[in-house]
Every structure is written in C-alpha cells, then in structure tokens.
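Please walk through this structure with me, from one residue out to the whole assembly. Keep the viewer open as you read.

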Amino acid sequence: MTDEITPELFEHLVELAALELSVEEGEYLRRQLNNQLMAIHELQAIPLDPATPIASHGVPYTPETSAHIREDILKSYPDPAKLLEGAPDVQENYIVVPDIPHQSLK
Amino acid sequence: MNLVELSALEIARKIHAREASAVEVLEAHLSHIARVDGCPGAIGGNPQAEADKVHAFISLTAERARVKALAVDAQIAAGQDPGPLAGVPVTIKDIFCVEDTFSTAASKILANFKAPYTATAVQRWENAGAVVLGKVNLDEFTYGSSNESSAFQPASRNPWDTTRVPGGSSGGSAAAVAAFEGPISLGTDTAGSIRLPAAYCGVVGLKPTYGRVSRYGLIAFGSSLDCPGPLTRSVSDSALALSVMAGADPCDSTAATVPVPDYLAEMEKGVKGLKIGLSPDYFRITYFNAETGELVEQSLPDEIKLSVLDAAERMAKLGAEIIEDVPMRHTRFGIPAYFVISRVEAASNLHRYDGVKYGYRTPDMTDDLRSMYRKSRAQGFGIQPKLRVLMGMYVSAAQYSEQYYNRALRIRSLIRQDFDEAFQKVDLLLSPSTPSAAFKIGGVYGDSVLMQYADQLLVTGNHAGVPGISVPAGFDHDAMPIGVHFFAPDFREDLLFRAGRAYEQSTGAEIWRQQRPFNFD
C-alpha cells in the first residue's frame, strides 16, 4: 500500500507546522497520519450531492438566538504587569524575542 | 452520612439551613482527597506512581478554597444568600482559565501559565457560592479518550479499578466525581469528552447544546465543537450546575441568547407522553483495521445493547412511547469527518503557542525567531498536539481542502440533517454511551485511530451541536460501569434531565445503585 503522506511531504508539513521531530517521533507520526487518512477515506464512499451545503457549525444561529454585536469600545486590562509576568523574556515592558529573519524581496 | 457523600443540592441545602458550614464541607473533602487521590500529576512525574490512587488533580488550591469557604460562611452568618451552589466543592478540568492559578491544558507548553482571568462558566459557579478545589487532569489539550496523553503524570485512573483508564478527555473530572472528591466537575466535550469518561466512571455527564454555555476562558481545541458541561453523580446536580452556568455572555458571541429554563423544576415532569427513538445505526459499531485499511462493522456487545433496551422498557413503563428504527444514516461517518474538522480547528488554535507571549520557551540558544518557534513547540508539545497540527495542515492545504475539509463539512450537514429529521418524529433519542466499558491503561494508547473510535456513538452530537447526556446504567461483566445516553433537540436540555431523572428513579432500587468505589466505614 502506498503511503499518501510520503517522507518528503511529511517533511514539508513539519516545516509548515513549525515543529522539529526526532526520527522516532517522525516515524510514529507519519504512520498515524497515514492510518487516519485511511479512516478518513471512508468519507469518499458517500455519494455527495454538490448542492449539499457546508456546515461550519451544527446549531443554526438566527437573529433571535444570536448575541448583538457589542459596541466597539476599548476596555483596558486593569493590570498589564500581570500579563507580562507570563512572558518568557521581558525588558522594560517589551517582550524580547530572538532576531527576526530578514528576507530580501526580489 | 459522610459529608463527601452528599449531593451538591444537599450540601447547598444544609449550608443554607446552617446544618453544616462551608468550611466543614471543604475540610471533609480535602481530607478525603488526601486519602484517595495520591500525588498530583506533574511534568516528569512517574506514570506508575501510587498505582492504587486516583490522581485526579493537577493542582489542588486548598488555601484559595478556604478563603472562599470562609466567605460563604460569612455570608450565611450575615443573613445573605451565597447562591444555589453555596459551599459546594467543585473541581475544574485544567483546560479552563481560573485567575491567578496555573491553567496548563495538561501540556508542558502551558505548564507555567498562570491565567490572568477566569472563564465565564467557572466565574458563574463561584458567583453562585461554589468552592473551587482545584484543577483536574485531562488528555493534553483534551486530545484523547483515556487521559494517558497528559504531560502531567501520573494521569488520572478509574476509581472503580485503578488499572483502567477513567476515559477522556475529561478523565480527571469523571474520576474526581466518582471518587467523591467533589460532587460537581466542569468538563468539556468536543467528541464525547464529558460523556465517555462519565460512562466509564459511572457518573452523569452532560454535553449541552453548542452555544448553551459560554466558551470564554476555555483553552480551545475545536472551536465549532467544544462545549463546556458538568459531570455529577446525579441528574439533579447536573440540572443545578447547568442552570447556574448557562446563558448568553458578552465575552462569547457564540453563546446563544436563548432563555435558560428552571431545569430543576422541568426535571420532575417525567417522560409520560414523550416519544423516545431508538436507531439501528447506534446499535452497530465500526472499528478500523490498520493492517487492511478497512473499516469493520460489528454489532454492539450484548450487555451494552441490553442496557439500552432495558432503559427503553423502563421509559415505556413510565408512559413514554418508544419509536423503533429511526434512521440515522450518517452515524458511521462521524469519526472520519471528525478526523478532518477537529484537526483543522486544532491546528489553527495551536499556532498561538510559539514561546513568545506566555507559556514555554526553549532554553536552547537560538539565533532567529523561526528556530525559537520550532524548538519551543517541539519541546513543549507532546505527541498528540503534534499529530493534530500535522493532520490539520494537510487536510486544509489549498490543494486538498476540497477533497477533505470541504467534504467533511458537507457530511457534517448530513449528520445534522439526520438529527433534524429524527426530531420531527421523536422528542429524544436513546442510545448507548460507549461501545465498551473502560479499557486497561496502555490497552489502546498509541493507536490514535482505535482510540478515536471509542467516541463513535457520541461525536455525531458534536457535529450537529445537539445536547446529550450519559447516565450510569450499571456494570459490565468486569464490574466496570456502563452508561446509557439520550440526545435531544437544540436547547432542550430540559428533556434530557426529564429522561435522565426518570431513568435514575426507575433504577433507584437496583443493587448496583448502592455500589461505591470506596468503603466509607
């Protein structure tokens, strides 16, 4: 059986997902992805009318059941210092990160 | 009676009547937790530690709870009403933010994250007098049906047999409630994550309608599927817990503006005159054979099937009309569609964890931002989040999305249509909660496909958004709990409580109702 997710495609997905994997992790994950895709292919068995709508959620939202759009009013968080306490690296109220790679536009 | 054996309703009544204080109730629970729970889950903890303990907790916040219990007692002393959950000890799945406490999602990537605000559902319980005992364990980011994927080990165990899983992902919640570590726990259900562990641990698990309860402060998995809901030991406590937390929320535009009924009053109306459907599509199960790549269909184990038929008979005796052969043709596609939809939503939600603003950042020296992202995510995420991000990236990629994502969303429409058509004919659907009772720790973990199929009888409710409840229905041949399940139309949780309560009362005299996972003498 040919794997749908080949090693090359898998490497591409890992890059897109901003991950790094050990060899063992990569082998396990690629196998699981291919197994899941075999289960997903069950969906191909359903004759699907192209007019069948896409459901991005199950419960319909009507004007009666939907919240009004709230007014666009700025509300300051009362304690910004508390928010910054969770940041891994802070200097003078700025969150510090490594260099952002630059790329010359062609 | 031991205070820990009381229901939430009884605790609140006693506290209002000054027959017990919130501090007494709290201390009774804390001392029981010290006896049965064992060490809390921790990063780098030993999965095999204290094998006879429950290990429901990640963080027990006893001092915070004492402050709240004292405040409840002070209100009572001053003649004020602390609310319908006065002094009721509750636990919270560690996927909800509770201000100034660690809110980890059972992941290393959030192990050091202290929430700067409190989730609406938790806040409403606290405003009604509840005493939060702490945060309980779960599958990492809720990704699993066993709790084994938690980065905080030892993970929760099933109180009825600690060699077995409590189910997941709200496994800590179900284990805590079953083990009398608090009569109510707040869980979440994305594919069955409240109802499956409830069935495995012999407690009541309610997945409300999508939009019935605010998701504000819930660390998201599948944003179109996630539902907060209670796990309790009785249907009446479930009704009480939902009545306090349901309703519109200015902080969550998907929380529907539908009035909240008086569930405790509705619950007593019984099932006389209700039409309850049985569907053949919920009496067969599908398993995936990884070697052949084929899905194999089986009938349900007899004892599971018989428990549902027994429930139907009881409902009929109480005056309900049982309607057989209700078609739910797309049930078997629930898991394959879920593999696509939930992964796309999970991948999207997981991109925010990058080591920049909060959570884990790699200690390795990195020379650029991209490298820091990759290393932080590689070291911070466990294997299940990585699997979901990768699948989500693949099935939503531009060249595959029509084949996978859009197709799955269309099939979701068909699953919803099944429910719409069924509820033209019946008020409720009665079904099994799970294809089996709780499995052994290590028995399924590692096979992500087989694990997911444990949710196959529940996930359709998440696709459709409709509410469902699992109620205890006795024990299987291994003396492990099993459950029966009801689905109702949108926002008709009142019907679920009526059926659940009627079933609970009808089985009240059964010997299995007297069983406890512990000896309290």
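Leaving aside its neighbours within four places in sequence, which residues is N462(B) in contact with? This is a predicted model, and the answer is read from its atoms. The contacts of N462(B) are D189(B), T190(B), A191(B), G192(B), R195(B), K207(B), L225(B) and R412(B). N462(B) itself sits in helix α15 of chain B, residues 459–464. Take T190(B) from that set of contacts. In sequence, T190(B) and N462(B) are 272 residues apart. In space, their C-alpha atoms are 6.2 Å apart. Is N462(B) buried or exposed? Its relative accessibility is 2%, so N462(B) counts as buried.

Now step back to chain B as a whole. Its secondary structure comprises 16 helices and 15 strands. The radius of gyration is 22 Å, close to the 24 Å from the globule rule for 521 residues, so chain B is as compact as a globular protein of that length. Along the principal axes, its C-alpha atoms fill a box of roughly 65 × 55 × 45 Å. Buried residues make up 67% of the 521. Consider the contacts in chain B with a separation of 6 or more: 76% of them join residues 24 or more positions apart. The N462(B)–T190(B) pair, 272 residues apart in sequence, can be set beside that figure.

Next, the surface and charges of chain B. The chain exposes about 16500 Å², and carbon and sulfur atoms supply 50% of that. It carries 50 positive and 59 negative side chains. The centres of these two sets lie 3 Å apart.

Start with α4, residues 120–127. Its buried residues are T120(B), A121(B), V122(B), W125(B) and E126(B). What covers them? The cover of the buried residues includes helices α3 (62–77) and α7 (235–245). It also includes strands β3 (89–93), β4, β6 (184–189) and β8 (227–232). Just after α4(B) comes G129(B), with a positive phi of about 105°.

Move on to α5(B). How many of its eight residues are buried? Eight of the eight are, so α5(B) is largely enclosed by the rest of the structure. The buried set runs through G171(B), G172(B), S173(B), A174(B), A175(B), A176(B), V177(B) and A178(B). These residues pack against strands β3, β4, β6 and β8 of chain B, and against helix α6 (195–201). Just after α5(B), F180(B) takes a positive phi of about 60°.

The peptide bond from Q153(B) to P154(B) is cis, with omega near 0°. S169(B) lies in the loop between β5 and α5 as well. A cis peptide bond joins G168(B) to S169(B), with omega about 10°. N147(B) is not a glycine, yet its phi is positive, near 80°. With 0% relative accessibility, N147(B) counts as buried.

Turn to chain A. Of its 106 residues, 30% count as buried. Its accessible surface comes to about 7800 Å², with 55% belonging to carbon and sulfur atoms. Chain A has 6 positive and 19 negative charges, and their mean positions are 4 Å apart.

Chain A has a positive phi to inspect too. N93(A), not a glycine, has a phi of about 65°. It lies in the loop between β1 (90–91) and β2 (94–95). Its relative accessibility is 62%, so N93(A) counts as exposed.

The contact takes 80 residues from chain B and 61 residues from chain A. About 5900 Å² is buried between them, with 65% from carbon and sulfur atoms. On the chain B side, L390(B), R407(B) and R410(B) lose the most area to chain A. Together they account for 12% of what that side buries.

Methods: Residues are numbered from 1 along each chain as its sequence is written. Chains are lettered from A and ligands numbered from 1 in the order in which they are written. This is a predicted model: local features need pLDDT of at least 70, side-chain atom pairs count only at pLDDT 80 or more; totals for chains, interfaces and linings use all residues. Side-chain values use heavy atoms; hydrogens and water are left out. Helices (H or I, at least four residues) and strands (E, at least two) are DSSP runs, numbered from the N terminus. The radius of gyration is taken over C-alpha atoms; the globule rule is 2.2 Å times the number of residues to the power 0.38. Buried means under 20% relative accessible area, exposed over 50%, partly exposed in between (1.4 Å probe, protein chains only). Contact means heavy atoms within 4.5 Å. Accessible areas come from the Shrake-Rupley method with a 1.4 Å probe; for residues, only the protein chains shown count as cover. Lys and Arg count as positive and Asp and Glu as negative; His and the chain ends are not counted. The place of a charge is taken as NZ of Lys, CZ of Arg, CG of Asp or CD of Glu. Buried area is the accessible area (1.4 Å probe) that two parts lose on being put together, summed over both.
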